[in-house]
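This report concerns the chain shown below.

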Amino acid sequence: MDKEIMSSVESFYSEVAVEPKPTLCCPTSYKEEDVSHIPTEAREISYGCGSPMGLADIREGEKVLDLGSGGGIDCFIASRKVGKTGSVVGVDMTDEMLAKARKASVKVAANLGYGNVEFKKGLLEDIPVGSGAVDLVTSNCVVNLSTDKALVLREIHRALKHKGRFCISDIVSEKEVPEGMRADKKLWGECISGAIEEKKFLAMAREAGFYGLHIVSKFLYRVVEGMRFYSITLKGYKFEKGPECLYKGHYAVYNGPFSSVSDDDGHDYPVGIPVEVCTDTLEKLKGPPYRGLFTIIDTRGKLEAVPCRPRETEKTPGGGGSSCC
Ligand SMILES: C[S@@+](CC[C@H](N)C(=O)[O-])C[C@H]1O[C@@H](n2cnc3c(N)ncnc32)[C@H](O)[C@@H]1O
């Protein structure tokens, strides 16, 4: 971690927490019904670049962790979506942001009739929550500000439960940001200098252990010195593999519309061809983001009994191959 950059980012955000800076606000549009319970003091220091809470398919009762929560706008949106049985933790390193967010949370709780949001001081690089603690991690225009994005993504993976997910809005660059621009502290604070290429961001997320990565929103954010910067919202999923991966007679048939697809574990699924899958792969294909793309055929009890067998790659009578991870 580069302490000098971190401290300049902190002083940048402590200033814009106290004195709202409308020109820093990215073109983020929130639905009025999502923000009507949030006081102006929190809304006017919203510096996000996307709408992760609107795209994260939040369910009642979920535990949500928002990183770089700032004035708290996304935490408050999530607070309503998860309801009183759910909970939301916002983490930020800047005292002035935390103070404003905590103050606003009292009004939000009064408007909703319950309080389920907590703000913690901490770093993205050392997230102050236990391992496997939350269903969903969100972040809105923050990861670009970190000088150790790989560590941040590993921390997000650690904080998530098995089958948890992240939904992150952030800025990416069309190509590598040149040294001169990276040294510009104001541009760093404005979410430009710390941006990395989208393919690098995805590679880091995959390296951290996530699968099913996909972009759910993308638009041109700014052009600086002729270079394009985009706002993207990326989703990814955590899956902890079981102690053993067994074939129990399940086949996955890819429904199309493409002629074939491959998953993160290297399995190929030609359209319409049954591919035998192990129990771990079956679990993944039944849930998001793959749900609905495959028809699962369960042959248990319908074919001659075959003993469960561990990892293998032989061809199957269904026409496809068996696949394991
Ligand atoms: C661009 S603002 C976004 C705030 C909020 N997500 C929103 O949408 O309004 C970035 C926020 O991330 C915080 N931040 C930046 N780097 C951080 C880090 N490494 N650890 C914790 N917080 C960080 C800043 O203090 C600031 O509040």
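Which domains does the domain assignment of the chain give? The assignment gives domain 1 (3-237) and domain 2 (247-323), with bounds that come from an automatic or database domain assignment. This is a predicted model, in which local features need pLDDT of at least 70 and side-chain atom pairs count only at pLDDT 80 or more, while totals for chains, interfaces and linings use all residues. Residues are numbered from 1 along each chain as its sequence is written.

**Domains**

The C-alpha centres of domain 1 and domain 2 are 36 Å apart. Six residues from domain 1 and four residues from domain 2 make the contact, where two residues are in contact if their C-beta atoms, placed from the backbone, lie within 7 Å. On the side of domain 1 that touches domain 2, β7 (211-224) and β8 (227-237) each supply at least two residues; the largest share, three residues, comes from β7. Helices (H or I, at least four residues) and strands (E, at least two) are DSSP runs, numbered from the N terminus. By class, this side of domain 1 has two nonpolar, two polar and two charged residues. Here Ala, Val, Leu, Ile, Met, Phe, Trp, Tyr, Cys and Pro count as nonpolar, Asp, Glu, Lys and Arg as charged, and the others, Gly among them, as polar.

The 16 residues of α1 should span 22 Å at 1.5 Å a residue, and the end C-alpha atoms of α1 are 23 Å apart, which agrees; the expected span is 1.5 Å times one less than the number of residues. Val9, Tyr13, Val16 and Ala17 of α1 are buried. Viewed down the axis of α1, these buried residues fall within an arc of 105°, so they line one face of the helix; the arc is that of the directions from the helix axis to the C-beta atoms. Lys3, Glu4, Ser7, Ser11 and Val18 are exposed on the other side of α1. A residue is buried if 20 or more other C-beta atoms lie within 10 Å of its own, exposed if 12 or fewer, and partly exposed in between, with C-beta atoms placed from the backbone. The buried residues of α1 pack against α6 and α9 (185-189).

Helix α6 (residues 95-112) has 18 residues and reaches 25 Å from its first C-alpha to its last, close to the expected 26 Å. Its buried residues include Met97, Leu98 and Val108, and they pack against α1 (3-18), α3 (40-43), α5 (73-82), β2 (87-92) and β3 (117-121).

**Ligand shell**

The ligand is surrounded by 25 residues, of which Gly48, Gly68, Gly70, Thr94 and Asn140 are the closest; a residue is near the ligand if its C-beta atom, placed from the backbone, lies within 6 Å of it. The largest share of the shell, three residues, comes from α1. By class, the shell has 13 nonpolar, nine polar and three charged residues.

**Local backbone features**

| Cis peptide bond | Omega |
|---|---|
| glycine 256 to proline 257 | near 20° |
| proline 288 to proline 289 | near 5° |

Proline 257 is in the loop between β9 (247-254) and β10 (260-262), and proline 289 is in the loop between α11 (279-286) and β13 (294-298).

Aspartate 57, although not a glycine, has a positive phi of about 50°. Aspartate 57 counts as partly exposed because it has 14 C-beta neighbours inside 10 Å. Cysteine 141 has a positive phi near 70° and is buried, with 25 other C-beta atoms within 10 Å.
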